[in-house]
Amino acid sequence: MRRINAFSLTLKQQLAGAAIAAPALAIVTLLFVYPFLRSLQSSFRSQEGVWTLDNYSEALSIYGGDYLYTLWICGVSLVALIIITAIIGGLLRLGVYPLLEFIFKIPLFVPFVVVGHAMRVFLAPHGTLNSALSITGMFNPDILPSFAFSSLGLVAALVWKNLGIGLLLMLGAFRSVNESMLEAARGMGAGKMKLIWHFLVPMNKGSVGVMAVLTFTSMLGSFSIPAMIGNAGGSQMIMMDLYHQIVYQQNYGVANAIGVLTYIASLGAAIYYLKGVTKK
Amino acid sequence: MGIYIEGLTKAYGKKRGITDINIHLPEGGLTAIVGPSGCGKTTLLRTLAGFHTADEGRILFGSRDVTRISPQGRKAAMVFQHYALWPHMTVADNVGYGLRLQKVPAKERERRVREVLERVEIDTSDIGARYPQHYSGGQQQRIALARALVVQPEVLLLDEPLSNLDAKVRQRLRIGIRSIQQSFGITAVYVTHDQEEALSMADYVILMNDGKVEQAGTPEEIYRKPSTYFTAQFLGESHTLTLKYQGKPQRLVLRSGDALVTPVVDEWGTNAETLERSIAHEEVIEEDGSWVMEGEIRHHLFMGSYYRYMVEIQGQSMFVDDDRLLKPGSCKVTIPTEKAYWFDI
């Protein structure tokens with residue numbers, strides 16, 4: 001294969017290369033870099049325009065608990081998502097079930113707000129789940145817990161919403177594993193679960209990591225679902241706090257501090273993702 | 001234990017895989033399944049392994065019917081063409097995985113892993129730290145063989161294990177695999193498209209064609225007594241000539257090393273009349289336990305220890321090997337009758 005040295009390109013070729021990259025760079029600059037820099041700057045300024053760390057101390061003192069709660073909810077959801085997508089993706093990889101594969105990818109095309117509403121209906125005090133349980137006669141619907149307004153409901157909604165993209169990434173990676181490697185393991189006595197946890201997942205840990213990062217950051221920034229369901233009366237997801245600061249308090253400094261703190265939470269994940277992508 | 005295959009059939013939708021295979025593979029021996037691409041040899045092996053479910057028929061490992069048993073339960077281990085070593089596990093973990101599933105204690109597992117790796121001549125000094133990709137192709141295949149043998153399977157299945165290796169390593173590993181199989185005394189089934197590999201390694205050879213067993217027997221039987229035209233022309237470096245014999249055209253299959261070329265010289269006068277008659281009738285004649293025909297040496301190739309001649313016989317070309325350097329021109333081609341195989345067209 002002929003190697004191309006950037007220094008050996010003519011000026012015309014270099015300009016052509018820059019022109020091809022320009023739209024993408026412009027979008028990243030306009031829609032990400034510029035707003036982020038503005039947000040970063042604003043997070044260090046008071047409403048009077050004075051440089052200060054007050055926004056951060058206020059954000060952490062008021063919303064520190066919510067911040068940790070958000071990380072906890074996202075972490076639990078992520079672990080659940082990895083376990084569920086690994087098992088479903090593994091079983092789909094080891095057999096041919098096109099209909100099931102289609103069904104599991106449906107969440108990919110359902111908007112967050114619809115997921116929130118669906119979960120609200122499904123997990124509400126007298127929602128579909130509790131009604132179904134009460135039909136059995138074993139449960140009194142009045143004493144059944146309301147999952148919709150608990151952390152469990154939040155986790156369930158976040159997992160369900162991210163199931164499609166998680167499965168898409170996981171299954172794609174699993175399908176790249178050579179069949180004979182799995183057959184060698186089957187011949188040694190490995191059943192389906194062992195094939196998944198001893199082979200498919202560790203052999204694709206890079207792809208699983210990328211999936212984890214993408215879904216974790218998506219969960220961290222989710223707003224519609226926490227707005228519709230969630231921990232009634234207790235801690236709430238950090239995006240709800242950000243919304244409150246902007247809409248009700250109109251305190252952009254604190255809102256931006258929350259945004260930067262959220263960004264820091266996803267920064268580690270983003271670095272891991274970029275490392276994974278560039279390695280590939 | 002011997003393997004008994006009774007009426008085994010496997011199809012892929014409308015595409016035929018194997019049809020009505022009935023064969024017995026001898027206990028403790030190495031059986032080679034050979035045949036051209038798409039003949040069903042790999043389908044047969046994979047059905048024996050349990051990776052394919054038979055549509056009809058039975059497979060018995062000894063007296064145990066394994067037809068409907070999963071690969072995990074068959075006590076058969078397979079060695080794959082592309083090694084199929086797990087890249088995320090060290091060599092020790094790769095080889096010890098089967099024992100781990102059998103819940104063999106760690107110390108015992110380590111001892112058995114080292115023992116089997118030593119038997120396949122892999123240095124065991126740092127197997128706990130090295131990964132399969134740190135080894136050469138030949139070494140990887142030996143590790144794969146160790147992984148298969150360490151679980152003490154009843155049957156060892158090998159799917160073209162040497163086809164990814166270069167010629168020298170292949171030659172060495174042929175002997176290596178054969179001696180390991182013999183020392184373990186395990187019943188082995190070896191799939192290959194390389195007839196030389198099959199003939200040189202196996203105790204028993206099954207030649208397959210179009211999903212069926214064309215012929216089976218010892219390497220000598222199958223090579224020296226081909227019962228069908230396909231067998232005769234598939235094995236060895238064979239040539240088919242369409243010649244007139246006893247008044248009708250027939251196919252003569254012969255092998256390069258079995259024919260003798262004699263240039264037409266003065267001292268050949270005693271045969272001149274016979275040869276003339278042969279040419280006149282465009283027929284091949286039998287003479288002193290050999291088939292004799294007239295040919296023309298067209299080209300020769302120096303092959304190192306011998307010469308390879310392209311000889312034209314009745315407008316058809318064939319190769320004949322001889323260690324003498326002969327001049328181009330008319331010649332007499334002689335083939336011992338027991339080394340030439342006639343088949344009706």
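Of the 280 residues of chain A, 34% come out as buried, a label given to a residue with 20 or more other C-beta atoms within 10 Å of its own, C-beta atoms being placed from the backbone. This is a predicted model, in which local features need pLDDT of at least 70 and side-chain atom pairs count only at pLDDT 80 or more, while totals for chains, interfaces and linings use all residues. Residues are numbered from 1 along each chain as its sequence is written, and chains are lettered from A and ligands numbered from 1 in the order in which they are written.

Chain A has 12 helices and zero strands, where helices (H or I, at least four residues) and strands (E, at least two) are DSSP runs numbered from the N terminus. Its C-alpha trace spans about 70 × 60 × 30 Å along the principal axes. Counting two residues as in contact when their C-beta atoms, placed from the backbone, lie within 7 Å, 76% of the chain A contacts with a separation of 6 or more link residues 24 or more positions apart.

Next comes the place where the two chains meet. Here 14 residues of chain A are in contact with 18 residues of chain B. On the chain A side, helix H7 (179–188) and helix H8 (192–203) each supply at least two residues, and H7(A) gives the largest share, seven residues. By residue type, this side of chain A splits into seven nonpolar, five polar and two charged; Ala, Val, Leu, Ile, Met, Phe, Trp, Tyr, Cys and Pro count as nonpolar, Asp, Glu, Lys and Arg as charged, and the others, Gly among them, as polar.

Chain B is assigned domain 1 (3–233) and domain 2 (238–344), with bounds from an automatic or database domain assignment. The centres of these two domains of chain B, taken over C-alpha atoms, sit 41 Å apart. Their contact takes four residues from domain 1 and six residues from domain 2. On the domain 1 side, the tally is three nonpolar, one polar and no charged. An unreviewed UniProt entry places the annotation "domain: ABC transporter" on residues 3–235 of chain B; such annotations may be inferred rather than shown by experiment, with positions given in the numbering used here and feature names shortened. That span is 36% helix and 26% strand, and its end C-alpha atoms lie 25 Å apart.

Then there are the sheets of chain B, in which two strands pair if DSSP finds at least two bridges between them. One is an open, antiparallel sheet of four strands in the order E2-E1-E4-E5. Strand E2 (15–25) and strand E5 (64–65) are at its edges with a single partner strand each, so one side of each has no neighbour in the sheet. Seven bridges tie strand E1 (residues 3–12) to E2(B), and Ala11(B) faces Arg16(B) across that pair. Helix H1 (residues 41–49) of chain B lies across E1, E2 and strand E4 (56–61), at about 65 degrees to E2(B); axes are lines fitted to C-alpha atoms, for helices over the stretch in contact, and angles run from 0 to 180 degrees between N-to-C directions.

Another open sheet of chain B has six strands, ordered E6-E7-E8-E3-E9-E10, with mixed pairing. Strand E6 (76–79) and strand E10 (212–217) are the edge strands, each pairing on one side only, and the twist averages 20 degrees from one strand to the next. Within this sheet, strand E7 (residues 155–159) and strand E8 (residues 187–192) run parallel and share five bridges, with Ala188(B) in E8(B) as the bridge partner of Leu156(B). Helix H4 (residues 137–150) of chain B lies across E6 and E7, running at about 175 degrees to E6(B).

Terms used:
A residue is buried if 20 or more other C-beta atoms lie within 10 Å of its own, exposed if 12 or fewer, and partly exposed in between; C-beta atoms are placed from the backbone.
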